[in-house]
Amino acid sequence: MKLNIEGLLVYFPYDYIYPEQYSYMLELKRTLDAKGHGVLEMPSGTGKTISLLSLIVAYQKAYPLEVTKLVYCSRTVPEIEKVVEELRKLMDYYAKQTGVKNDFLALALSSRKNLCIHPEVSSLRFGKEVDGKCHSLTASYIRAQHHSNPSQPVCQFFEEFDAVGRQVPIPPGIYNLDDLKDFGRRKGWCPYFLARYAILHANIVVYSYHYLLDPKIADLVSKELAKKSVVVFDEAHNIDNVCIDSMSVNITRRTLDRCQTNVETLQNTISRIKETDAAKLREEYRRLVEGLKEANVARETDIYLSNPVLPDEILQEAVPGSIRTAEHFVGFIKRFLEYLKARLRIHHVVQESAPQFLKDIYEKVCIDRKPLRFCAERLRSLLRTLEIADIADFSAITLISHFATLVSTYSKGFTIIIEPFEDRTPTIANPVLHFSCMDPSIAIKPVFGRFQSVIITSGTLSPLDIYPRILDFRPVTMASFTMTLARTCLCPLIVGRGNDQVAMTSKFETREDFAVIRNYGNLLLEMSAIVPDGIVAFFTSYIYMENIVASWYEQGILENIQRNKLIFIETQDAAETSMALEKYQEACENGRGAILLSVARGKVSEGIDFVHHFGRAVIMFGVPYVYTQSRILKARLEYLRDQFQIRENDFLTFDAMRHAAQCVGRAIRGKTDYGLMIFADKRYARADKRGKLPRWIQEHLTDGSLNLTIDETVQLSKHFLRQMAQPFRRVTTRTFLSLFNDLNQA
Amino acid sequence: MRTRYNELLTCFSLREVLKEDESGSLKATVDDILFQAKRKRVFEGHGQVRLGMMRHLFVIIDSSRSMEDQDLKPNRLTSTLKLMEFFVEEYFDQNPISQIGIITTKNKRAEKLTDLAGNPKKHIAALKKAVDGTCVGEPSLYNSLNVAMQTLKHMPAHTSKEILVIFSSLTTCDPANIYELIKTLNALKIRVSVIGLSAEVRVCTILTRETGGSYNVILDESHFKELLMLHVKPPPASSSSECSLIRMGFPQHVIASISDQDAKPSFSMSHLDSTSEPGLTLGGYFCPQCRAKYTELPVECKVCGLTLVSAPHLARSFHHLFPLEAFQETPLEEYEGERFCEACQGELKDKSIFTCQACKKVFCVECDLFIHDTLHCCPGCMQTDRTS
């Protein structure tokens with residue numbers, strides 16, 4: 001259908017549209033008009049992706065000079081594929097309606113592992129191996145060697161691409177990962193490099209967050225994207241954590257050991273090259289004297305996405321003399337390494353700021369701040385000069401060099417914590433140096449600064465105002481949309497008491513209480529008797545889950561539950577968990593019924609959807625607060641308080657509630673779906689918690705569903721499930737929708 | 001004694017195939033959906049549809065632990081069995097030439113309560129006895145469907161083969177992959193319908209969808225009864241089922257008084273195997289083919305295998321074939337004229353009224369349902385017929 005959104009003609013590939021999709025597009029258009037950033041929340045299953053795509057594509061077609069490119073960032077490969085499929089539907093619709101052949105180029109980009117078609121390389125199992133192997137076949141000096149020595153293996157796909165691929169543009173169309181591979185096979189071109197090259201002139205790019213947020217990758221892939229792009233972060237409720245992770249470094253003793261080996265390899269290579277090809281090292285030296293001017297020129301003309309690891313100032317300068325020659329640099333690294341080793345040899349926890357660390361390192365081993373800042377660049381240059389093919393082996397030393405650059409560049413926003421052992425196992429020495437970023441805005445700042453519109457969207461972004469604060473940007477629109485439903489297909493219930501009136505809570509003081517654990521068990525038992533097919537239960541942490549399940553076993557509750565349903569448990573082992581998931585789905589499918597016990601913040605709570613019968617009820621045992629004793633968290637909270645005036649409690653509650661909302665949101669993945677959402681903790685009934693749930697859940701949370709006992713919950717659930725089982729046809733929604741359309745067009 | 005032979009076409013092949021219902025817009029509330037479902041029942045029979053008049057129905061009653069739940073009073077089992085008794089009577093009332101059988105499932109096993117038979121008394125007696133049974137363990141959908149299938153698969157192709165499951169539990173304990181069984185059931189053209197007593201279970205959804213049955217979940221007792229009654233009406237026959245001619249006998253009831261000299265008391269054939277009822281009687285129905293005596297109809301002659309029915313029985317199933325046309329629904333505001341229902345003479349208060357297409361008389365919702373569900377003929381038309 002065709003829509004008129006404030007004067008913009010939008011083609012929408014479906015026959016009907018939900019009202020919330022319409023208002024979503026409206027807000028989106030206003031954001032694009034204002035060339036600003038936006039935060040939009042809309043529940044999953046309401047067609048967020050297609051609304052986004054159809055509006056932005058329409059905008060691109062209408063104002064080709066205003067918006068040149070759409071960069072769509074998603075989290076996982078399946079999600080990327082889903083976006084591309086929606087896009088294909090949209091483009092087909094355009095072609096059918098307008099009769100003009102599609103001239104849009106849209107493509108998905110993923111890692112080499114997902115795109116490689118080289119027979120040997122693509123058979124490798126791990127991403128790192130594929131990257132390393134690919135590099136060893138495509139690096140410039142390898143190819144140079146191949147010229148003189150044809151027996152040196154190279155990748156024929158890359159060679160072919162390099163020879164002709166850049167001149168011939170890839171024909172317009174929609175390419176998902178498989179399409180790219182097919183195209184690559186047909187032409188004999190490397191799909192990965194083709195895609196990387198093609199994103200420069202593509203109209204729509206779909207890829208993972210990391211290509212924009214992780215400074216190490218963003219520099220390679222995304223730095224030449226046009227300024228007039230619209231960037232969309234989908235499922236962005238965790239974007240602050242992604243930013244922080246991309247800027248944080250953890251160094252263990254093992255890292256240092258591997259780094260040691262790296263250094264030795266470097267040293268050997270240097271001495272070998274010195275004997276054979278001293279001119280090469282001299283050439284590098286000359287280049288370094290001239291400084292990183294070239295990079296600077298590029299940045300001034302604003303073609304590049306600035307790299308937060310490489311701060312502006314150092315581009316003005318030449319690499320300091322002390323690390324210019326290769327031997328000196330290796331010696332420097334060695335000293336740095338020894339220092340780190342010494343720091344890890346401790347018996348108590350140390351927390352210090354970056355300036356403190358720099359002062360200490362200067363006093364102990366006479367390492368200045370300045371050469372440290374150039375560490376990452378210097379290492380890259382050295383690796384290039386030494387023609388080391390397999391970079392995968394050098395990840396340890398790269399990590400250390402990044403750490404060195406970051407610690408000497410940023411005096412604010414980071415903290416260094418050295419822990420001699422893990423909290424759980426105080427007897428086993430396992431020293432770790434956490435260099436942790438506390439300010440997510442550092443990583444995302446270049447994105448906001450560079451692109452004219454950045455849209456952050458997800459099903460759960462409440463409370464909306466906290467994201468602009470922690471990411472430090474000013475949105476022009478902030479909006480939360482709810483679902484219009486033909487029937488109330490979600491039923492949030494807050495269970496606060498057991499039948500014996502003992503309060504149910506995972507509060508630290510009472511979580512070991514026998515009565516609380518028993519009541520939790522009874523709740524699950526009762527629910528297992530009345531909810532059909534699948535139930536997903538979330539705990540606040542693995543340890544808590546283990547304790548509770550052990551206790552249930554002793555009390556015989558587990559045995560009773562098993563009479564109703566099978567029980568599966570998520571563990572920290574990924575293979576085990578995916579096995580459990582598979583069996584869980586089988587049990588739901590064939591009528592046996594199953595319960596999946598899992599953990600908020602775990603793999604299940606983030607990436608797995610439990611549509612229809614796979615999740616008829618979600619039970620959230622307790623409030624999923626993050627582990628508050630962690631020193632990293634404490635440091636971050638302190639930072640948030642000092643810098644952004646966000647109180648600890650506010651942030652913790654916000655974080656807990658967004659995870660709780662994520663967990664319970666797993667059950668409803670569309671309008672025909674239905675599910676119970678049970679919050680089993682009396683604290684959810686408080687206004688400060690309840691108010692932080694997304695609007696579309698809050699709406700259905702009436703006063704009658706707060707602080708229930710188990711019996712009341714069972715009665716309400718039974719009633720709800722029977723109501724939902726009544727025949728429900730599309731007709732119902734459609735009449736409603738066409739009604740809306742009439743209103744809209746009138 | 002005059003004997004009348006008659007041959008009857010059981011499968012009436014008529015012109016049209018059943019159309020999906022277009023019962024119009026459903027409103028948001030479940031109440032409205034339910035009301036529409038009621039209307040749908042009225043609509044569904046319409047159009048000239050070929051119906052499977054000769055039905056073989058197995059009812060599977062879940063007797064697992066969950067039947068002890070007291071959300072139906074006094075408990076699910078008692079309530080279900082009570083309704084089943086009513087259902088069996090209604091069923092034979094409306095489907096005189098059909099048979100029924102009852103299977104119970106508990107403790108992971110399935111057990112035949114009664115075999116396929118056409119005598120309501122036997123079934124009702126068995127149901128009455130079953131009330132005292134205990135509800136233990138889990139049901140097995142697979143086993144019970146399998147038991148039913150073993151019998152149904154030998155039934156001739158022109159009959160309608162059906163299974164109705166009354167499923168209270170939310171789990172089933174199966175010895176093998178139930179999806180294979182569903183495929184087999186589909187191949188044998190056995191239609192499986194499910195009435196759920198607690199909530200929607202995935203496997204039942206698939207089961208009914210694949211075999212062409214219906215799946216409903218009850219809201220309360222009255223809804224349960226309503227859903228059960230939906231299964232009283234013969235379902236439309238699948239287009240591929242065969243048509244064939246069935247021989248039937250219509251024995252007359254012979255009443256003999258003691259004073260009659262020729263009258264000799266004799267045993268009814270149907271009581272041969274049961275010892276509970278008194279044996280010798282004077283009158284009865286005599287098979288037109290072999291003159292075996294029966295005290296009740298309908299029955300299949302034990303001697304010659306002829307189906308014995310009475311003419312009123314057949315007449316009762318007649319309305320299934322030529323149902324009363326649906327009345328036209330119009331909003332009350334648009335109606336101009338006297339606001340009284342032609343049937344009950346009550347004031348028309350509901351938001352819509354119903355007009356008979358033939359006589360143009362106006363009826364209220366309740367009367368519309370009553371006319372279509374029970375009377376099967378329009379009182380307005382009857383009146384005009386007489387006057388003209």
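**View 1. Asp673(A) and Arg616(A), a pair that is buried in this predicted model.**

**View 2. A salt bridge between Asp240(A) and Arg636(A).** The closest N and O atoms of Asp240(A) and Arg636(A) are 3.2 Å apart. Asp240(A) belongs to helix H12 (residues 239-247) of chain A and Arg636(A) to helix H29 (residues 631-644) of chain A, so this pair ties together parts that are 396 residues apart in sequence. Are these two residues buried or exposed? Both Asp240(A) and Arg636(A) are buried. They also belong to a network of salt bridges that links Asp240(A), Arg601(A), Arg636(A), Asp655(A) and Arg658(A).

**View 3. Asp360(A) and Arg343(A) joined by a salt bridge.** In this view, the closest N and O atoms of the two residues are 3.1 Å apart. The pair links distant parts of the chain, with Asp360(A) in helix H18 (residues 354-365) of chain A and Arg343(A) in helix H17 (residues 326-344) of chain A, 17 residues apart. Buried means under 20% relative accessible area. Asp360(A), with a relative accessible area of 15%, is therefore buried. Arg343(A) counts as buried because its relative accessibility is 10%.

**View 4. Helix H18(A) packing against helix H21 (residues 395-409) of chain A.** How are two packed helices described? The description uses the angle between their axes and the distance between the axes. For H18(A) and H21(A), the angle is about 110 degrees and the axes are 8 Å apart. H18(A) is therefore roughly perpendicular to H21(A). On the H18(A) side, Ala354(A), Phe357(A) and Leu358(A) make the contact, and on the H21(A) side, Phe403(A), Val407(A) and Ser408(A) do. By class, the contact has five nonpolar residues, one polar and no charged residues.

**View 5. The crossing of helix H24 (residues 514-530) and helix H25 (residues 542-555) of chain A.** The two axes come within 10 Å and cross at roughly 80 degrees. H24(A) and H25(A) are therefore roughly perpendicular to each other. From H24(A), the residues taking part include Phe514(A), Ile517(A) and Leu524(A). Among their counterparts in H25(A) are Tyr544(A), Ile548(A) and Trp552(A). Sorted by class, this contact has seven nonpolar, three polar and one charged residues.

**View 6. Helix H9 (residues 191-198) of chain A, mostly covered.** How many of the eight residues of H9(A) are buried? Six of them are, namely Pro191(A), Tyr192(A), Phe193(A), Leu194(A), Ala195(A) and Ala198(A). The cover over these buried residues includes strand S5 (105-108), helix H4 (112-115) and helix H5 (127-138) of chain A. Helix H7 (156-165) and helix H8 (177-187) of chain A are also among the covering elements.

**View 7. Two annotated spans of chain B, taken from UniProt.** The unreviewed entry places the feature "domain: VWFA" at residues 56-198 of chain B. That span is 36% helix and 27% strand, and its end C-alpha atoms lie 27 Å apart. For "domain: C2H2-type", UniProt (unreviewed entry) lists residues 354-376 of chain B. Here the chain is 48% helix and 17% strand, with the end C-alpha atoms 15 Å apart.

Terms used
Residues numbered from 1 in each chain as written. Chains lettered and ligands numbered in written order. Predicted model: local features only at pLDDT ≥ 70, side-chain atom pairs only at ≥ 80, totals over all residues. Heavy atoms only, no water. UniProt positions renumbered as here; feature names shortened; annotations may be inferred. Helix = DSSP H or I, 4+ residues; strand = E, 2+ residues; numbered from the N terminus. Buried < 20%, exposed > 50% of the residue type's maximum accessible area, 1.4 Å probe, protein only. Contact = heavy atoms within 4.5 Å. Salt bridge = Lys/Arg side-chain N within 4 Å of Asp/Glu carboxyl O. Axes fitted to C-alpha atoms, helices over the stretch in contact; angles between N-to-C directions. Parallel < 35°, antiparallel > 145°, perpendicular 65-115°, else oblique. Nonpolar A, V, L, I, M, F, W, Y, C, P; charged D, E, K, R; others polar.
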